[in-house]
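Reader: I have a model open on my screen and would like to learn how to read it. Could you walk me through a few features?

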Amino acid sequence: MSDTSENICESGLVTSKQNGVHPRLERRVRRHLEAPWLQKLHLPSQENYRQLVREGAFSGGQALILDSGCGTGKSTRRLAARFPEHLVIGVDRSIKRLAKSGVTSGFLQRENYILVRAELATFWRLLLSGGFSPQRHYLFYPNPWPKPGHLSRRWHGHPVFPQLLALGGEIEMRCNWEIYAREFAQAVEFATNVNMNVTEIQPDTAVSPFEQKYLDRRQALFSVIVPARTSQAFRLSR
Ligand SMILES: C[S@@+](CC[C@H](N)C(=O)[O-])C[C@H]1O[C@@H](n2cnc3c(N)ncnc32)[C@H](O)[C@@H]1O
């Protein structure tokens, strides 16, 4: 499970040949909405998910919060402290990042949070087919994949996008590349027919290490929030 910081320069600023919303975004999103994605699940991620279920991780009755692409897990711990009645699940494929929070293999369970090593495109599909729906779903600073040819690697251009949306809950995506935020918002609009806003945010305290890095460098940060009623209506329409 490799990771890449390609095209994020030293300052953390995204550089790209793309200077607006990708011209093929709408076609791509509509194609994914029409055809179900049949790619096989990632087996190690499926095994980690199954073990979580076997060990009763989801059976405590707490509402779920997902921190997708949680990196080192710092944001997961912050969310867990902020929402003590919830179960917060941080998911990342990078063992190098997760190891900074003590994850050595599949997952680590602490008070009201769990850190799991998994491929998100598999983990989201498993949660969906298991009937789980997070109350809140955070995507803090996903890899931007800024090359125009990498549209399908951005979450809104990826074939898993309909399932990500169908998982439901209030979804917040934050990033420091405005084009990514505008594309994400438009992709949600294509799927739901509901207008989405891109908001420039200035958090007082950083929720995650990447946010901290960007705040330290005084970069502009953007957020898209999909209300739970919008993702829920989409979930019911599938
Ligand atoms: C730019 S970092 C942001 C980390 C953290 N959210 C933060 O704000 O500090 C993106 C993270 O997403 C993870 N990631 C990217 N693609 C992933 C995938 N398909 N499945 C799981 N994790 C992924 C990477 O390993 C990396 O830790």
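Author: Gladly! Let's start with A80: setting aside neighbours within four places in sequence, A80 is in contact (heavy atoms within 4.5 Å) with V88, N112 and Y113. A80 and N112 lie 32 residues apart in sequence, yet 6.1 Å apart in space, C-alpha to C-alpha. This is a predicted model, in which local features need pLDDT of at least 70 and side-chain atom pairs count only at pLDDT 80 or more, while totals for chains, interfaces and linings use all residues. Residues are numbered from 1 along each chain as its sequence is written, and side-chain values use heavy atoms, with hydrogens and water left out.

Reader: Is A80 buried or exposed?

Author: Buried means under 20% relative accessible area, exposed over 50% and partly exposed in between, with a 1.4 Å probe and protein chains only. A80 has 5% relative accessibility, so A80 counts as buried.

Reader: How many aromatic pairs does the structure hold?

Author: Rings of Phe, Tyr and Trp (its six-membered ring) pair if their centres lie within 6.5 Å; planes under 30 degrees apart count as stacked, over 60 as edge-to-face and the rest as tilted. Here there are 8 aromatic pairs. In one of them, the ring centres of Y49 and F58 are 6.0 Å apart and the planes meet at 40°, so this pair is tilted. Y138 and F140 form a stacked pair, at 5.1 Å centre to centre with 15° between the planes. Y49 and F58 are both buried, and Y138 and F140 are buried too.

Reader: Which charged end sits over the ring of W145?

Author: A charge sits over a ring if NZ of Lys or CZ of Arg is within 6 Å of the ring centre and within 35 degrees of the ring normal. For W145, the charged end belongs to R153, 4.7 Å from the ring centre.
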